[in-house]
Amino acid sequence: MPRGQAPYNRNKPPADQSSTDWTVGFINNDGSAANDLKDVLNQTTMKDVTLSESLLTPGVQTTITIESANDLVSLPMKNLDLFYNKTMLIYAKRDVLRSDPQGNQKYEFSTAQRIYRLSDRKPKNYQVEQFSLHGCDPSLLQDVKTFVNDSWVCTTPSDITRRVMQCLDVGPDQYDIESSYPPRDFTSENLHPFQVIRKQAEAALAGSKDPSFVHFMTYQNRSHDDMPTHNFRSLTKMAEQTPEWEFNYSAKASNSANYSRPGDIMKYNSPCDFDLVSDLMNGYDENGNQKGSAIFRAIDETLAGIQGLLSGTSSVLPCGGVPDIVVDQAPLLGITGGCPTINSDSLIYRESRMALLDKDKIAMQITIPFNPQMNVGRTIDIMFYTKNGERNYGSGRYLITNLLHNLKSGGFGVTVMDCVSDTVAAGKVGNR
């Protein structure tokens, strides 16, 4: 924990390497000790901490649940407004991860989050009340008070996103931006930075035809350093990554036995194993064969026809003419003064791609012992084995879409992950 912090609550677990030891502290935003919180923190207990990430959210969310003595007869009044705009410091470690056979070296976790809300204050009894403190990364607060008024000519969505990050006071080591296509003209008038980035995600293509970019945030960067990071990345590239970990499920083990083994799944459920309607919308036929999206088949045919015109091998474009997909054909025909743009019809395909992240399309939800190496946007292997050691139904590679760390008093901590199959890279639901 950083020096100079205010008095903090230490959660002391049993002397067991498999338990999770965590602490919470508070400082002022300039890094000085929050000494004014001393009386407020008197006779308080940190009950639990939740830390969440999602591919669908441009920020991380942190919540601390606190129980505080509030005897109006014998104790002075506690002014909870003193938490306003303070910084909460959270540190957690799980020593059993130091020697994990899968080679995981990250056994501890730390983050600093700005307190922006106090909620759910209610009495537990006549002497104790409970409330929650909510924290966020400072860049989320910067977004709310910042407007972007700028324009770009023939610039890729990734380059625009990189420029807008500067408006959030986010340095190059705090964002991870994947290259995208096509360059386009764009003007922002009184838009918040996150709104500008969302518009870039809606227009960005991975490679030449995959509209699956998302803007999300993680507590760590891709190297597992504890540095909150903004990500602008495509589902395709994320799903194609080497998996971080392999998790196994054994129905015979108890929760306590599972908890002592970092690679064990404590419990799981599978909301959606397959969805034919979603597959059809993403360019597959009833037999699971890839046919391609109708939108991008039209683009392919258009580009093929244009190439034929330029080479003199064809004078007739497919389907009776150029589909109205690439709005400005001039650059493709070698005419200067324009930039190719994809019209709003392509958003239909993007909606189909983004629908793969809906709650009812989640292929697997697993609960594992607290593991700080996990982040959304990473892949993992989930394995179910028969008694003969053969892979069972549901085994495969998955992309983490939502993640929740939950740390409870007494040293118990878990990580809950929603996952979609890595076939999301091809636009399919399920692991087939």
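This is a predicted model: local features need pLDDT of at least 70, side-chain atom pairs count only at pLDDT 80 or more; totals for chains, interfaces and linings use all residues.
Strands and helices here are DSSP runs numbered from the N terminus (E, at least two residues, for strands; H or I, at least four, for helices). Strand β5 (residues 87-93) runs antiparallel to β6 (residues 108-123), and seven bridges join them; two strands pair if DSSP finds at least two bridges between them.

Follow arginine 114 onward and you reach cysteine 136, its bridge partner in β7. Seven bridges also join β6 to β7 (residues 128-136), again antiparallel, and these two strands form a hairpin with four residues between them.

## Nonpolar cores and rings

A nonpolar core is a set of buried Ala, Val, Leu, Ile, Met, Phe, Trp, Tyr and Cys residues joined through side-chain atoms within 4.5 Å. Buried means under 20% relative accessible area, exposed over 50%, and partly exposed in between (1.4 Å probe, protein chains only). The largest core has 47 residues, and those touching the most other members are Val24, Phe26, Met46, Val49, Ile64, Phe83 and Leu133. Helix α3 (residues 193-203) gives the most to this core, with four residues. Apart from it lies another core, of 33 residues, among them Leu55, Phe216, Leu399 and Ile400.

Phe26 and Phe83 turn up again with Phe131, in a cluster linked by ring pairs. Rings of Phe, Tyr and Trp (its six-membered ring) pair if their centres lie within 6.5 Å; planes under 30 degrees apart count as stacked, over 60 as edge-to-face and the rest as tilted. The count comes to nine aromatic pairs.

## Aspartate 210

The loop between α3 and β11 holds aspartate 210. This residue counts as buried because its relative accessibility is 9%. Aspartate 210 and tyrosine 349 are 139 residues apart in sequence, yet 8.8 Å apart in space, C-alpha to C-alpha.

## The largest cavity

On a 1 Å grid over the protein atoms alone, a cavity is a set of points where a 1.4 Å probe fits but cannot get out, and lining residues have an atom within 4 Å of a point. Points are joined across faces, edges and corners, and a volume is the space filled by probe spheres set on them. There are three cavities of 30 Å³ or more, and the largest holds about 60 Å³.

Its lining includes Asp176, Phe216, Arg233 and Val376. Strands β11 (213-218) and β12 (229-234) each supply at least two lining residues.

## Conventions

Residues are numbered from 1 along each chain as its sequence is written, and side-chain values use heavy atoms, with hydrogens and water left out. Local features need pLDDT of at least 70 and side-chain atom pairs count only at pLDDT 80 or more, while totals for chains, interfaces and linings use all residues.

Note on methods:
On a 1 Å grid over the protein atoms alone, a cavity is a set of points where a 1.4 Å probe fits but cannot get out, and a pocket is an open set with protein on both sides within 12 Å along at least five of seven lines; lining residues have an atom within 4 Å of a point.
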